[in-house]
Amino acid sequence: MDRLASFANDPSDKPPCRGCSSYLTEPYIKCAECGPSPFLLCLQCFTRGFEYKKHQSDHKYEIMTSDFPVLEPGWTAQEEMALLEAVMDCGFGNWLVFSSCLVRFPYKLHTHVLIS
Ligand SMILES: [Zn+2]
Ligand SMILES: [Zn+2]
């Protein structure tokens with residue numbers, strides 16, 4: 001459980017989710033089209049398709065972690081989509097379920113999500 005717990009560390013001084021005002025825990029979503037102040041959503045709100053003022057659910061986005069964006073150079077679009085499909089299929093708020101779903105994805109993806 002230790003590596004999963006790392007996601008809950010350090011709420012620090014990030015702004016809250018625009019959707020539900022909860023503290024953001026990583027990974028979370030940053031809209032790539034809204035700005036200049038960052039439009040941040042937790043994964044629950046993102047998967048619900050939360051929209052607010054200018055922000056529409058079909059905006060481009062980045063998946064944020066503390067160290068680096070999940071969308072790395074060298075990742076293929078297919079790998080990125082596989083991750084997002086895992087998000088959609090498994091849901092968030094239950095990392096045990098989510099991580100078990102990741103087993104069917106490539107090892108690189110698996111480690112990338114769980115060890116950050
Ligand atoms: Zn939220
Ligand atoms: Zn937006």
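Reader: Where does Lys-53 lie?
Author: In this predicted model, Lys-53 lies in the loop between α2 and β3. Its phi is positive, about 50 degrees, although Lys-53 is not a glycine.

Reader: Is Lys-53 buried or exposed, and why?
Author: Lys-53 is exposed because 8 other C-beta atoms lie within 10 Å, and a residue with 12 or fewer counts as exposed.

Reader: Turning to the peptide bonds, is the one from Glu-26 to Pro-27 cis or trans?
Author: That bond, from Glu-26 to Pro-27, is cis, with omega near -5 degrees. Pro-27 is found in the loop between α1 and β1. The bond from Gly-35 to Pro-36 is also cis, with omega near 5 degrees, and Pro-36 is in the loop between β1 and β2.

Reader: In what order do the strands form the sheet?
Author: The three strands form an open, antiparallel sheet in the order β2-β1-β3. The edge strands are β2 and β3. β1 and β3 pair over four bridges, and Ile-29 has Ile-63 in β3 as its bridge partner.

Reader: And how many residues has the largest nonpolar core?
Author: The largest nonpolar core has 12 residues, among them Tyr-28, Leu-40 and Phe-46. β1, β2 and α2 each give two or more residues to this core. Beyond its neighbours within four places in sequence, Tyr-28 is in contact with residues including Leu-41 and Met-64.

Key: Residues are numbered from 1 along each chain as its sequence is written. Chains are lettered from A and ligands numbered from 1 in the order in which they are written. This is a predicted model: local features need pLDDT of at least 70, side-chain atom pairs count only at pLDDT 80 or more; totals for chains, interfaces and linings use all residues. A nonpolar core is a set of buried Ala, Val, Leu, Ile, Met, Phe, Trp, Tyr and Cys residues joined through C-beta atoms within 7 Å. A residue is buried if 20 or more other C-beta atoms lie within 10 Å of its own, exposed if 12 or fewer, and partly exposed in between; C-beta atoms are placed from the backbone. Two residues are in contact if their C-beta atoms, placed from the backbone, lie within 7 Å. Two strands pair if DSSP finds at least two bridges between them.
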